[in-house]
Amino acid sequence: MSAAAAPQKSMLDLLNGFVAELRNAGLPVSLTENLDAMEAVQHIPIEDREAFKYALGATLIKNNSHWRAFETVFEVYFSLRGPEYRLADADASAIDELWREMQEQQAEENRGASGSMDALTPEEIAQMLMQALLNADQAMMRALAKQSVQRFAGMEPGRPVGGTYYLYRTLRNLDLDGMLDKLMEQAAQDAGGELTHLEERLERDEFEHRIDEFKKEIEAEIRRRLVADRGVEAMAKTLRKPLPEDVEFMHASRDEMQSLKKALQPLTRKLAARLARKRKHGRKGPLDFRNTVRHSLSYGGVPAEPKFKYPRPAKPELMVIADISGSVAAFARFTLMLVYAMQGQFSKVRSFVFIDGIDEVTEFFKSTEDIQEAIHRVNTEADVVWVDGHSDYGHAFEVFWERYGKDVGPKTTVLLLGDARNNYHASQSWVVREIRQKARHVYWLNPEPRSYWNTGDSIVGDYGNHTDGVFECRNLRQLEAFVEKLA
Amino acid sequence: MAVEPANRFESVQQVREGLKSVNYLADEGIAGVAFLADRLGKPVLVEGPAGTGKTQLAKSIAEMTGARLIRLQCYEGLDESKALYEWNYKKQLLRIQADRTSDSWSEVHDDIFSDEFLLTRPLLEAITAPDPVVLLIDEVDRVEVETEALLLEILSDYQVSIPELGTIEAKQIPLVFLTSNNTRELSEALKRRCLYLHVDYPSMEREKEIVLTKVPGVTEHLADQVSRIVRSIRMLDLKKSPSVSETLDWARTLLLLNIDTIDEQTAKETLHILLKYQTDIAKAAKELSVD
């Protein structure tokens with residue numbers, strides 16, 4: 001312990017800046033966690049980049065879904081503060097050396113004259129990349145990532161373009177999809193003939209994995225260059241990745257959707273648990289005469305211990321009515337996942353989907369354990385198109401009322417999900433009013449930003465008047481807030 | 001705080017090698033956090049999917065440092081008397097009845113609330129133990145949010161307050177590991193007091209090494225194939241991805257069946273060891289054979 005003196009001031013400033021940056025990115029870092037990090041870095045040398053990162057991560061980040069955002073901030077913030085993270089220009093000699101070594105190995109190709117990587121043609125680069133991917137040569141892949149960014153991204157100092165633009169430009173020049181096919185061919189040749197399905201599948205997964213790593217190298221390289229160009233503070237803002245709870249359902253990528261799915265399970269559990277707790281801790285009801293008399297026997301007939309009737313726990317019934325038309329397609333996928341997750345937690349959930357017709361899909365979710373299959377069946381088998389497949393809330397609601405209206409009872413909570421963009425059809429909002437009169441609660445979740453409501457063909461206000469509340473539900477955070485309110 | 005952390009480890013590297021010597025292959029993150037936990041004297045909250053070696057980590061650390069492992073298995077309805085301490089009231093009753101005549105009331109009162117009548121439960125035992133211990137609080141996400149509060153005092157100050165006795169402070173700071181399968185969000189208060197470690201499925205290379213160390217007699221070739229197939233299966237969208245322990249079971253089974261090279265047929269026939277849901281098995285079989 002004696003060796004660990006008080007941390008140097010420069011280190012303190014560095015860490016404080018880092019924590020401030022994390023907070024800017026929306027990550028919650030408390031004061032005690034900050035202090036822990038200060039203490040932790042005294043035991044870990046900053047030169048050991050990986051250990052340093054894990055030390056900060058272990059003390060500052062307490063939620064795995066925040067790790068990605070943390071990593072990005074870390075890389076941006078510390079990218080220029082370590083010897084191994086210098087830019088390609090600075091350590092070009094190292095790459096050249098690698099390149100020369102490779103040439104010596106391939107002496108038969110006889111290209112000794114060109115000493116530098118800069119002199120290579122794009123074809124040669126592609127060839128080298130293929131070799132590197134084939135042999136899983138990490139150092140070579142890293143060198144090539146640097147080289148291709150330098151060459152293809154066309155980065156100009158001070159140009160206000162985001163990293164994705166450069167990434168796109170670099171990848172377009174490398175044609176990695178074609179590369180995968182070529183790699184597969186090569187692998188088949190090396191194996192001497194046909195691969196079995198299993199082998200082929202495994203090889204493909206392996207190569208995809210390597211190509212993914214290569215892409216990550218490229219991304220990191222672009223990031224380093226951007227930071228070098230514009231400085232840490234400016235870049236930290238643009239490169240920030242949204243936290244999973246802030247990702248918009250409407251624009252979620254596949255990866256993001258995956259992490260949303262993981263986050264949903266605890267949320268529905270929470271919802272169920274909250275409802276259950278409310279039941280348990282509910283207020284006392286009127287005196288239970290029979291029970292009081294029964295218990296009075298142990299006091300010799302004196303009713304010393306009054307017993308009360310507890311209100312019978314209302315089993316929550318849920319009816320979910322969701323728009324799955326094109327305009328809310330991404331949200332609809334999410335909605336279906338939500339419905340599926342809820343079905344596991346509540347005994348009575350009925351789900352309906354509509355575009356301009358409406359159909360019940362409860363069975364699709366009940367009959368299978370595989371959510372992908374359920375969603376697939378909903379999208380293919382549910383009879384939701386009536387005329388032209390453009391949303392018609394009015395007609396869908398009318399049909400709902402006609403067919404299922406009698407099932408709405410005083411215990412039912414109805415959730416309506418959609419953007420209420422009705423293509424200027426009749427709103428038929430009287431249906432919502434009727435539902436509300438019969439049901440316990442009616443809520444509307446709208447995936448659109450509040451500022452878009454009631455513009456164009458959106459008539460959410462018209463429906464909203466007849467519900468117990470319309471909620472903006474663009475990300476997990478808002479959904480969570482809704483759950484808190486509901487329970 | 002009354003006691004200084006013990007400094008059991010010299011460096012991250014040493015932790016890593018030590019763990020390897022007891023057949024636990026740690027990556028940089030795991031070793032680093034274990035090292036920090038010792039240096040800072042803080043508990044570690046280990047989170048991750050089931051079957052990735054979270055519990056095993058605590059066991060291995062105990063084995064490596066030669067410490068005794070004290071384990072508290074959490075479950076719904078766990079309470080103070082099961083986790084912290086309980087008064088041995090049968091013994092107290094006996095004590096009162098034993099000599100009714102001689103003692104005054106205050107003497108008896110002082111006497112029956114003393115160490116002799118205290119039954120220590122895992123948490124109290126861990127901090128009062130004279131020998132080195134590793135405390136494992138397993139599956140902490142199973143207890144209710146309210147019960148979590150029980151753990152807070154011991155985790156931050158390494159002490160237990162007993163109303164009748166006063167505060168019992170730790171004689172030494174034990175290494176504490178809490179594991180969670182992330183079925184629910186743990187409270188902020190708990191997370192704040194811990195170092196956080198997320199243990200995910202290992203990379204393919206690490207998993208291969210794990211198979212090689214944990215399954216004696218397995219060939220390099222088979223271990224390679226096993227880990228590659230498992231990785232491919234984990235990439236599918238399944239209800240429950242195969243865990244490391246299931247990978248090991250699979251490797252052992254293949255070894256017992258004298259299988260040296262996995263082809264489609266054997267893979268299909270033994271998939272049920274890796275996957276436990278019928279839908280998952282069907283899906284994986286389909287994906288692996290016709291692509």
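Q: Before we start, what kind of model is it, and how are the residues numbered?
A: It is a predicted model, where local features need pLDDT of at least 70, side-chain atom pairs count only at pLDDT 80 or more, and totals for chains, interfaces and linings use all residues. Residues are numbered from 1 along each chain as its sequence is written, and chains are lettered from A and ligands numbered from 1 in the order in which they are written.

Q: How many helices and strands are in chain A?
A: Chain A has 20 helices and six strands. Helices (H or I, at least four residues) and strands (E, at least two) are DSSP runs, numbered from the N terminus.

Q: And how much of chain A is buried?
A: Buried residues are 32% of its 487 residues. A residue is buried if 20 or more other C-beta atoms lie within 10 Å of its own, exposed if 12 or fewer, and partly exposed in between, with C-beta atoms placed from the backbone.

Q: What is the order of the strands in the open sheet of chain A?
A: The order is E3-E2-E1-E4-E5-E6, and the pairing is mixed. Two strands pair if DSSP finds at least two bridges between them.

Q: Which strands stand at the edges?
A: Strand E3 (358-360) and strand E6 (470-472) of chain A do. Each has a single partner strand, so one side of each is left without a neighbour in the sheet. From one strand to the next, the twist averages 20 degrees.

Q: How do E1 and E4 of chain A run, parallel or antiparallel?
A: Strand E1 (residues 317-323) and strand E4 (residues 412-417) of chain A run parallel, joined by six bridges. A:Leu318, for example, has A:Thr413 in E4(A) as its bridge partner.

Q: Which helix packs on that sheet?
A: Helix H17 (residues 393-404) of chain A packs on the sheet and touches E1, strand E2 (348-354) and E3 of chain A. Its direction makes about 45 degrees with that of E3(A). Axes are lines fitted to C-alpha atoms, for helices over the stretch in contact, and angles run from 0 to 180 degrees between N-to-C directions.

Q: Where is A:Gly357?
A: A:Gly357 is in the loop between E2 and E3 of chain A. It counts as partly exposed, because it has 17 C-beta neighbours inside 10 Å.

Q: What does A:Gly357 touch?
A: Leaving out residues up to four places away in sequence, A:Gly357 touches A:Asp383, A:Val384, A:Val385, A:Trp386, A:Ala396 and A:Val399. Two residues are in contact if their C-beta atoms, placed from the backbone, lie within 7 Å.

Q: New topic. What is the phi of A:Asn423?
A: Phi of A:Asn423 is near 55 degrees, a positive value in a residue other than glycine. Most residues other than glycine have a negative phi. A:Tyr424 also has a positive phi, about 60 degrees.

Q: Where does A:Tyr424 lie, and is it buried or exposed?
A: A:Tyr424 lies in the loop between E4 and H18 of chain A. It is exposed, with 10 other C-beta atoms within 10 Å. A:Asn423 lies in the loop between E4 and helix H18 (430-438) of chain A and counts as partly exposed, with 15 C-beta neighbours inside 10 Å.

Q: Over to chain B. Why is strand E8 of chain B largely enclosed?
A: Six of the six residues of E8(B) (residues 175-180) are buried, so the strand is largely enclosed by the rest of the structure. B:Leu175, B:Phe177 and B:Thr179 point one way from E8(B), and B:Val176, B:Leu178 and B:Ser180 the other way.

Q: Which strands are joined to E8(B)?
A: Four bridges join strand E1 (residues 44-47) of chain B to E8(B), running parallel. Strand E5 (residues 133-138) of chain B is also joined to E8(B) by four bridges and runs parallel. B:Glu47 has B:Ser180 as bridge partner, and B:Leu135 stands opposite B:Val176.

Q: How many residues are in contact between chain B and chain A?
A: 35 residues of chain B are in contact with 32 residues of chain A. On the chain B side, H2(B) gives the most, with seven residues.
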